Amino acid sequence: MSANRKLYRQDELSPLFAPANIAIYGISPNPASFGAKTLANLSAYRGRKLLINPKYNKVGELPCHPSVAALPEKPDCAIIALPMEAVEAAVMECAAAGVPSAIVFASGYAEMNEPERIARQQRLTDIARESGMKILGPNCMGFMNFPALMMASFAAADLKLEVPPRPGIGIASQSGALGYGLAQASQRGVTISHVLATGNGCDVNVADEVAWLAAQPACSAIVCVFEGLEDVQHLAQAGEVAWKADKPVIVHKLGTGPAGARAAISHTGSPAGSIDEYRRICADTGMIMVDDLEAVLETASFFAKAPRRPAARGVGVLSPSGGLGVSAADAAEKYGVSLPQPPADVLEVLEQLIPDFGSRRNPADVTAAVAGDLAKTAQCFHAMAGDPSYGALVFPQVLYSNRTTDRYQMFSEVAECHGKPILLPLLGGWTGGPGYVEAEQNPHTSPFLSMDRCFATLAAWLQREELRAKRGGN
């Protein structure tokens with residue numbers, strides 16, 4: 001539905017995703033209604049809330065108005081929490097009043113794959129094109145803007161609306177439930193800045209959202225999870241916008257097989273499109289395609305924290321276990337990540353600290369004797385991190401203990417001192433053990449629940465720098 005137009009600019013979408021005021025159609029005193037749920041979710045929102053329903057003069061403590069024309073001010077965005085049959089009239093009313101953006105919750109459009117329902121959705125697209133109003137939806141859960149303390153949605157995701165402590169991950173997702181589900185990673189320490197859903201995307205699509213997120217100071221890395229786009233070049237254009245803004249984009253494409261493509265049509269009415277075409281676009285524009293949905297947030301969290309430019313291509317591995325070092329070497333070889341051996345001055349430090357029954361090579365087995373001594377561990381890390389051969393360090397761990405959580409502050413100090421990230425594959429059976437949240441909350445360390453994901457992410461980080469070099473540093 002979004003072909004034959006240019007990618008939307010930041011200023012065109014800011015009334016939608018960062019409105020100064022917002023109107024809600026379909027508000028009612030019934031707490032189970034989508035309108036009432038949305039109003040409740042907007043309790044922390046600092047902008048003005050304008051209510052529309054001709055049946056009421058007041059809902060709660062707020063006045064209610066019969067139409068958008070009767071409002072005391074023009075809203076930046078209108079949330080249309082009405083049944084499908086009433087949506088089109090409300091959208092036309094907003095367009096006539098010059099409202100710049102609208103969100104349509106109702107389902108029953110192109111996802112039904114029926115001619116009449118497809119035509120209904122096309123009429124919304126036509127209104128958007130003719131009026132210039134930007135429409136999010138239909139079949140859409142809305143969005144969350146954490147810095148603005150804004151949850152423009154009827155969803156009950158149990159997400160805490162708090163201003164992020166630092167720039168974090170912006171999520172652009174066709175599926176609202178999937179986007180909100182990914183955002184629940186905030187409960188384990190991941191910093192989320194925005195969750196923008198499109199639903200069927202009759203007008204605004206995930207590529208538009210990626211481009212808008214690329215301009216947001218609160219967003220340091222972007223996740224794009226989608227089924228398909230009417231115009232694949234919109235993703236290419238968004239990738240270029242994000243590249244110029246130096247915002248890494250982690251892409252996960254749903255509907256890559258015949259069964260998934262059929263499911264995409266019934267979910268959002270979206271054509272799945274060729275996975276090979278999307279891979280080519282990602283490769284050309286520096287976006288990172290991740291095939292496993294479970295790996296998306298770990299990858300994005302690393303990119304949100306890591307330096308944009310690796311200090312070196314080499315990676316140093318310090319491990320409390322010889323077996324973990326072997327596993328790291330296997331993963332590094334699989335993904336083409338270089339593990340250079342320590343130069344003489346670093347080797348001299350490691351030989352003084354690591355017992356001879358350990359290993360002073362790379363990967364280094366520091367043994368339990370050193371791993372249990374924070375001062376010695378720190379010396380090993382400083383020695384490796386201080387060498388120009390290494391752009392990042394990896395410390396795999398299998399055993400969780402409250403005694404080991406003080407390591408994470410030490411890792412952070414080393415990373416900050418040398419400007420090199422520390423990756424922590426935490427591979428024990430107790431995946432929620434002590435240290436994970438602390439490692440995730442720390443701006444200099446990145447936990448992973450898989451050695452494979454850890455080194456795949458490092459490889460993507462290094463490949464992004466290779467593309468920068470091919471582009472002449474731009």
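**Reading the cut-offs**

Student: How many disulfides does the rule count here?

Tutor: The count comes to zero disulfides. The rule asks for a pair of cysteine sulfur atoms within 2.5 Å. This is a predicted model, where local features need pLDDT of at least 70 and side-chain atom pairs count only at pLDDT 80 or more, while totals for chains, interfaces and linings use all residues. Residues are numbered from 1 along each chain as its sequence is written, and side-chain values use heavy atoms, without hydrogens or water.

Student: How do you know that Cys 77 is in no disulfide?

Tutor: The nearest cysteine sulfur belongs to Cys 94 and is 8.9 Å away. A disulfide is a covalent bond between the sulfur atoms of two cysteines.

Student: Why is Cys 77 called buried?

Tutor: Buried means under 20% relative accessible area, exposed means over 50%, and partly exposed lies in between (1.4 Å probe, protein chains only). Cys 77 has 0%, so the residue is buried. Cys 202 also has 0% and is therefore buried.

Student: Why does Tyr 45 count as buried?

Tutor: Its relative accessibility is 7%, so Tyr 45 counts as buried. Tyr 45 sits in the loop between helix H2 (34–41) and strand E2 (48–52). Helices (H or I, at least four residues) and strands (E, at least two) are DSSP runs, numbered from the N terminus.

Student: Which residues does Tyr 45 touch, leaving out those up to four places away in sequence?

Tutor: They are Pro 19, Ala 20, Asn 21, Ile 22, Ala 148, Leu 149 and Met 150. Contact here means heavy atoms within 4.5 Å. With Asn 21 there is also a polar pair: its backbone nitrogen lies 3.3 Å from a polar atom of the Tyr 45 side chain. A polar contact needs N or O atoms within 3.5 Å; within protein, one must be able to donate a hydrogen and the other to accept it, and residues adjacent in sequence count only if both atoms are side-chain atoms.

Student: What makes E9 and E14 edge strands?

Tutor: Strand E9 (150–152) and strand E14 (288–289) each have a single partner strand, so one side of each lacks a neighbour in the sheet. The open sheet has seven strands in the order E9-E8-E11-E10-E12-E13-E14, with mixed pairing.

Student: How do you know that E8 and E9 pair?

Tutor: Pairing requires at least two bridges found by DSSP. Strand E8 (residues 143–145) and E9 have three, in the antiparallel sense. In one of them, Phe 143 partners Ala 152 of E9.

Student: What makes E18 and E19 a pair?

Tutor: Strand E18 (residues 422–425) and E19 share four bridges, in the parallel sense. Leu 423 has Ser 446 of E19 as its bridge partner. The open sheet runs E16-E15-E17-E18-E19, with parallel pairing.
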